[in-house]
Amino acid sequence: MVVLSFSGAIGLTFLMLGCALEGYGVYWPLFVLIFHVISPIPHFIAKRVTEDSDASSSACQELAYFFTTGIVVSAFGLPVILARISVIKWGACGLVLAGNAVIFITIQGFFLAFGRGDDFSWHWW
């Protein structure tokens, strides 16, 4: 849990540096926080809907994977598009992309550590 919170803080630091450094000074990249918040929602919905099913895979789970992939790709695409149209600088784009990678790896690590459904699950937190 400590490693997950530390890596999440590092990812947010990269994101804030991409916005707040004196050479960059534009806060448009903070909109990727919306993607970070909504990325686990399809998984939560699919897990709730397919909780009673014994199947290892279902159409609902596959649709949730598809939506989550679209959200993650959008989070990486937004800073590139903003840099391409010169709203932000390419250095800020690199910092935001590094922050995205760290934050999404942290989210995946959370689900790997606490989403198995055994006795040590995230439901107990």
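Among contacts in the chain between residues at least 6 apart in sequence, 62% link residues at least 24 apart. This figure, like the others here, comes from a predicted model. The secondary structure amounts to five helices and zero strands, and a walk along the sequence gives the pattern α-α-α-α-α. Of the 125 residues of the chain, 29% count as buried. The chain exposes about 8,100 Å², and carbon and sulfur atoms supply 71% of that area.

Two stretches of the chain carry an annotation that can be set beside the model. The unreviewed UniProt entry places the feature "transmembrane region" at residues 63-83 and 95-115. In the model, residues 63-83 are 100% helix and 0% strand, and the end C-alpha atoms of this span lie 31 Å apart. Residues 95-115 are 95% helix and 0% strand, with 29 Å between the end C-alpha atoms.

Attention can now turn to the open spaces of the model. Rolling a probe the size of a water molecule over the atoms shows where empty space is left. The largest pocket has a volume of about 380 Å³. This pocket is lined by 14 residues, and the closest to its centre are His43, Thr68, Ile107, Gln108 and Phe111. Two or more lining residues come from each of the elements α4 (59-84) and α5 (90-114). Sorted by class, the lining of the largest pocket holds eight nonpolar residues, five polar residues and one charged residue.

Conventions: Residues numbered from 1 in each chain as written. Predicted model: local features only at pLDDT ≥ 70, side-chain atom pairs only at ≥ 80, totals over all residues. Heavy atoms only, no water. 1 Å grid on protein atoms, 1.4 Å probe; cavity = no way out; pocket = protein on both sides within 12 Å on 5 of 7 lines; lining within 4 Å. Points joined across faces, edges and corners; volume = space filled by probe spheres on them. Helix = DSSP H or I, 4+ residues; strand = E, 2+ residues; numbered from the N terminus. Nonpolar A, V, L, I, M, F, W, Y, C, P; charged D, E, K, R; others polar. UniProt positions renumbered as here; feature names shortened; annotations may be inferred. Buried < 20%, exposed > 50% of the residue type's maximum accessible area, 1.4 Å probe, protein only. Contact = heavy atoms within 4.5 Å. Areas by Shrake-Rupley, 256 points an atom, 1.4 Å probe, with all protein chains shown as cover.
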